[in-house]
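Please keep the sequence and the structure in view while reading.

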Amino acid sequence: MEAADLKAASFSGEKFTRRVVVPMAGMVILAILLVLGFAVISADGQNRLEVESSTALAETALSVKKREIARNLQDYAVWEDVFKNLHETLDFGWASTNGNVGANIYEGLGYDLAFVLRPDGKTVYAVVDGVPQTADAFSIIPRGLDSLVESGSTGEPAVGFLRSKDQLLLVAATAILPPSVDASTIPPKNRSSLVFAKALDQTFVESISSDYLLDSLKVVEQEEQADGATLPLVDPSGKALSYIVWTPATPGYQFLKWLLPPLAAAMVLLGLFAHQVIRKVRRSTEELEESARTVETYAQTLEESEARFRDVAEASSDWIWECDGEMRLVYLSTRFSEVTGISAASILGKQLDQFFMKDTDAEGWERLHASAHDHVAFRHVRCSYKDAQGRMRICRLAGRPIGSSKGQLSGFRGTATDITEEVEAHARANHLALHDALTELPNRLLFRERLIYALSDNRRRHSDLAILCLDLDHFKEVNDTLGHGAGDVLLRQFSARLQTCLQSGDTVARLGGDEFAIIQSSANQPQDAGALSRRIIEIVKQPFQVEGHELHVGVSIGVAFPDHADDPDKLLKNADIALYRAKQGGRGNVRFFEPQMDLELQARKALEYDLRQALLKDELELHYQPLIDLEAQKVSAVEALLRWRHPSRGLVSPGEFIPLAEETGMIISIGEWVLRTACQQALSWPGLRVAVNLSPVQFRHRELVDTVKQVLEDTGLEPGRLELEITESVLINDTEAALDILSALKGIGVHIAMDDFGTGYSSLGYLNSFPFDKIKIDKSFVTTLEDKVKSLAIVRSVIGLSESLSMTTTAEGVETMEQAMLLLGEGCKQVQGYFFGRPVPALEMTAFLGNWQGFTVLKSLKTDAA
Ligand SMILES: Nc1nc2c(ncn2[C@@H]2O[C@H](COP(=O)(O)O[C@H]3[C@@H](O)[C@H](n4cnc5c(=O)[nH]c(N)nc54)O[C@@H]3COP(=O)(O)O)[C@@H](O)[C@H]2O)c(=O)[nH]1
């Protein structure tokens with residue numbers, strides 16, 4: 001059934017109510033009304049029949065009473081004795097004798113009145129309520145009696161209802177005639193009349209009522225009852241004098257009474273039954289509706305799913321294929337031609353494996369054939385085919401057997417998904433995941449994989465293996481000065497040169513930044529690793545041409561062998577440790593890993609950890625060494641020198657931990673602490689300048705100038721009382737930037753001293769370019785001042801140069817009086833050294849300053865010098 005048909009077939013509860021419940025209820029109500037109507041009409045009919053029959057009965061009763069009175073009257077009127085004693089003569093005695101026309105008329109016959117009227121109408125004899133008397137009949141019955149008497153004079157009794165003064169009477173009158181004489185011989189006008197009257201009193205009415213079963217019969221003046229149970233009592237002229245009324249039986253109502261309860265019960269039952277039926281039908285209808293809806297939903301879902309399937313089939317690169325039992329292609333969806341460019345007709349009829357070819361998935365290919373043989377479904381079988389242009393494409397096949405109606409295999413049906421792009425993308429992603437994008441060399445991941453393989457192979461073949469870690473010297477400077485673009489070019493050129501040094505089977509990888517690594521397989525280790533390292537160092541010595549610049553960089557190499565570790569990560573780490581040591585020993589070096597190096601590295605790490613804690617645990621402190629102004633003969637400054645009081649290591653020399661702090665960057669926070677502490681301390685030594693050493697790392701830090709400003713502001717030390725000591729090395733790499741920083745510092749008002757002058761490049765050009773406030777002659781010259789002519793010459797020329805540039809000269813490391821005398825003689829302005837005072841904690845320095853007797857010493861020195 002179509003969805004639309006189902007929809008049409010189903011109808012809602014509302015419709016059900018309209019189409020089924022309402023008509024059914026209407027019919028039931030109509031039936032009830034009809035039955036009720038019929039019952040009421042029938043009851044009414046019965047009632048009317050009853051009224052009619054009771055009316056007939058009442059008429060009969062009256063007529064019986066009339067006939068009865070007429071017959072009784074006739075008995076007396078046609079009696080010889082009556083004719084003789086009451087017509088021919090009037091024998092009152094005879095008449096009143098009981099048994100004649102006396103009390104017996106009342107007591108025996110029940111008539112209330114009896115009259116004898118002469119032919120002239122005169123009442124000659126009367127019996128009233130059984131009492132014979134002479135009363136006038138017309139006085140008692142004033143109206144209608146005369147005509148009744150006249151009618152009865154014919155000899156036939158005339159009967160009618162007449163009214164006395166106070167009651168209604170049934171009256172009968174007839175002529176008194178002798179039975180022995182032919183009545184016609186006596187003319188009517190000569191006839192006497194006998195009249196009987198019976199009052200329609202309660203007794204009379206009740207007798208009729210009981211005799212004729214006329215319930216509640218009574219005489220009324222007006223016609224009361226509308227239902228017809230009434231009968232007029234008319235006088236001889238036909239005028240209604242009164243009415244008798246009674247309550248007729250109501251068999252109809254009885255019938256209704258009898259009928260209605262069971263009928264009502266039947267109706268209720270019928271109603272309940274109908275309700276139940278309707279409920280059931282309604283429920284069934286709703287269930288039907290629900291199932292119709294479900295079917296409709298299924299149908300709709302099916303339709304949507306079909307549409308979706310069609311859309312997907314048309315939109316995706318998949319195509320649908322079908323084979324017969326012999327695995328010959330018998331159907332190809334339209335997408336086939338669109339994707340492959342091949343006409344379906346040219347392929348149909350071919351075996352499935354004639355079109356599709358085995359690809360890298362050999363196991364899948366076997367599975368495909370096994371599935372075809374065993375009639376089971378298969379999927380994810382990767383295979384290839386040639387498209388219309390002859391290009392090799394890769395696709396993924398899935399199929400399931402199609403059963404015939406007899407349950408036999410009638411073929412296979414499935415999908416083919418072209419995954420060429422996916423495979424290519426995967427390969428690309430794979431390549432990207434395993435190679436360095438800049439140099440195209442294997443990356444760390446691939447290097448590690450190869451190393452794992454090489455190590456397992458090495459174990460198998462017992463061949464020797466070397467791992468080389470390489471790091472370009474001064475690469476950072478190239479990046480910083482020429483930019484990252486130039487750095488990238490350099491890295492590419494370097495990687496190209498590296499590859500020329502390798503043998504086939506070796507792997508070179510870029511591990512990150514300027515860090516490279518090589519896996520060298522050779523039967524002659526460690527000699528070959530050494531030779532390769534030297535080759536690389538040599539080849540890198542050749543200048544690189546980068547963006548118009550000729551760059552001279554070196555390379556440091558660390559080498560490790562599986563002898564010390566055959567775990568790939570450990571091996572690489574060992575090579576890295578060796579590289580670190582190579583760099584420490586000066587650039588352009590090669591170092592082979594030794595277990596000792598690892599221990600040193602561990603020690604260094606422990607020191608690094610402790611140093612990090614030192615700041616937090618307040619283990620750092622400053623010692624101060626005096627600087628003596630020879631001219632003014634006083635202590636003019638103190639140099640702040642850092643000390644680390646370690647709980648177990650003891651007092652650690654800055655020479656030991658400052659390089660580590662510089663390498664790890666901790667020097668920034670340590671340096672700031674030194675600066676702040678020294679400035680704060682200087683406040684307690686008024687008039688003295690405090691000298692603070694700046695590490696090259698600290699000097700290059702972009703926040704140096706701001707930090708200095710902030711510290712001076714926070715501590716309130718006058719800027720002119722702070723002297724910052726820098727070494728020549730800060731000027732070497734980027735002189736201009738360094739000069740900018742120096743100018744900024746000078747701008748704050750602090751003094752700048754060139755420390756350790758003579759140990760580095762000793763470029764006099766720096767002194768010209770930037771007017772330092774002071775030059776500190778390194779202690780190595782002072783120490784050898786007496787022995788080496790060269791030292792004296794250098795000291796002398798530095799002092800001369802300083803003077804000409806208006807700078808102060810400070811000679812460091814003065815340990816003897818001789819050195820001091822010599823320096824004084826050479827015109828040196830300031831001296832510093834153990835001879836005058838060793839670096840001491842602040843408290844001791846305060847005491848030293850208080851006890852300073854230097855003037856006398858200097859004076860004696862001056863005298864000696866003179
Ligand atoms: N960046 C920072 N460097 C600092 C800081 N504190 C010290 N240092 C540098 O550490 C190096 C070693 O310093 P130290 O062991 O304190 O040695 C200093 C003096 O004790 C020593 N000196 C002084 N007089 C003499 C002497 O007569 N003979 C002798 N053999 N040595 C002497 O010289 C060092 C001071 O040198 P200098 O700084 O060149 O004035 C050292 O390079 C310090 O610079 C710091 O807080 N930050």
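A crossing of two helices is called left-handed if the near helix is turned anticlockwise from the far one by less than a right angle, and right-handed if it is turned clockwise. The model is predicted, and for this reason local features need pLDDT of at least 70 and side-chain atom pairs count only at pLDDT 80 or more, while totals for chains, interfaces and linings use all residues. Residues are numbered from 1 along each chain as its sequence is written.

Two packed helices are described by the angle between their axes and the distance between the axes. Axes are lines fitted to C-alpha atoms, for helices over the stretch in contact, and angles run from 0 to 180 degrees between N-to-C directions.

| Helix pair | Angle | Axis distance |
|---|---|---|
| α17 (484-501) and α18 (527-541) | about 140° | 10 Å |
| α24 (704-715) and α26 (735-748) | roughly 15° | within 10 Å |

Angles under 35 degrees count as roughly parallel, over 145 as roughly antiparallel, 65 to 115 as roughly perpendicular and the rest as oblique. α17 and α18 are therefore oblique to each other, and α17 passes α18 in a right-handed crossing. Their contact (C-beta atoms, placed from the backbone, within 7 Å) is made by Phe 494, Arg 497, Leu 498 and Cys 501 of α17 and by Leu 532, Arg 535, Ile 536, Ile 539 and Val 540 of α18.

α24 and α26 are therefore roughly parallel to each other, and α24 likewise passes α26 in a right-handed crossing. Here Leu 704, Val 705, Val 708, Lys 709 and Leu 712 in α24 meet Ile 741, Ala 744, Leu 745 and Ile 748 in α26.

Turning to the strands, two of them pair if DSSP finds at least two bridges between them. An open sheet of mixed pairing is formed by five strands in the order β17-β18-β16-β21-β22. Because β17 (507-512) and β22 (590-592) stand at the edges with a single partner strand each, one side of each is left without a neighbour in the sheet. Within the sheet, β16 (464-472) and β18 (515-522) pair in the antiparallel sense over eight bridges, and Leu 468 stands opposite Ile 518 in β18. Helix α18 packs on the sheet, where it touches β16, β18, β21 (555-560) and β22.

Methods. Helix = DSSP H or I, 4+ residues; strand = E, 2+ residues; numbered from the N terminus. Contact = placed C-beta atoms within 7 Å.
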